[in-house]
Amino acid sequence: MQVCILYCGANQHTKLKSLADAIAIGIEKKGHQTTVLNALVDTDKRLTIYDYLVVLSEPISAFSAKIPSYIVKYLENAGQVSGKRCACVISGGIRKNKALLNLMRDVESQGIIIKVSEVIKKEDEARAFGSHLNVERNY
């Protein structure tokens, strides 16, 4: 299965990139193909070909529960995403649970089906999350 890991932070953070790469390593250990995309840089990429999405984000500031607004804009222009299965992941912030709720609401507004949500802080947690993530279709 093809899995897209889309990370989008408030600015150019290497922490989110390293967490996305760690999730990709965990998923690839199960024999799936992964692609890591930055929503700020890879604006012309379409998500139609992917079977499963992992959306990784962070709050816009340490004390905020808001997430970057360009996530919705990216998903609107990313091709056919309605009906795709997804995992939402938040990293950092004091109000991380509220930020995760906001991320899930924004992702679901595009018709994406959320299967899993998680708060991850470290790379080893991200690798374990990826290795335990069920991306297979269960009919």
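Hi everyone, this is a short tour of one protein chain, from its overall layout down to a single residue.

A word on the source: this is a predicted model, where local features need pLDDT of at least 70, side-chain atom pairs count only at pLDDT 80 or more, and totals for chains, interfaces and linings use all residues. Residues are numbered from 1 along each chain as its sequence is written, and side-chain values use heavy atoms, with hydrogens and water left out.

Let's start with the layout. You'll find four helices and five strands in the protein chain, and from the N terminus the order is β-α-β-β-α-β-α-β-α. Here helices (H or I, at least four residues) and strands (E, at least two) are DSSP runs, numbered from the N terminus.

Next, the overall dimensions. The C-alpha atoms fill a box of roughly 40 × 30 × 30 Å along the principal axes. Of the 139 residues, 47% are buried, meaning under 20% relative accessible area with a 1.4 Å probe, protein chains only.

Among contacts between residues at least 6 apart in sequence, 79% join residues at least 24 apart.

Finally, let's zoom in on D106, which sits in helix 3, residues 96-108. Is D106 buried or exposed? D106 has a relative accessible area of 16%, so this residue counts as buried. Which residues does D106 touch, leaving aside those up to four places away in sequence? The partners are I67 and V72.

Notes
Buried means under 20% relative accessible area, exposed over 50%, partly exposed in between (1.4 Å probe, protein chains only). Contact means heavy atoms within 4.5 Å.
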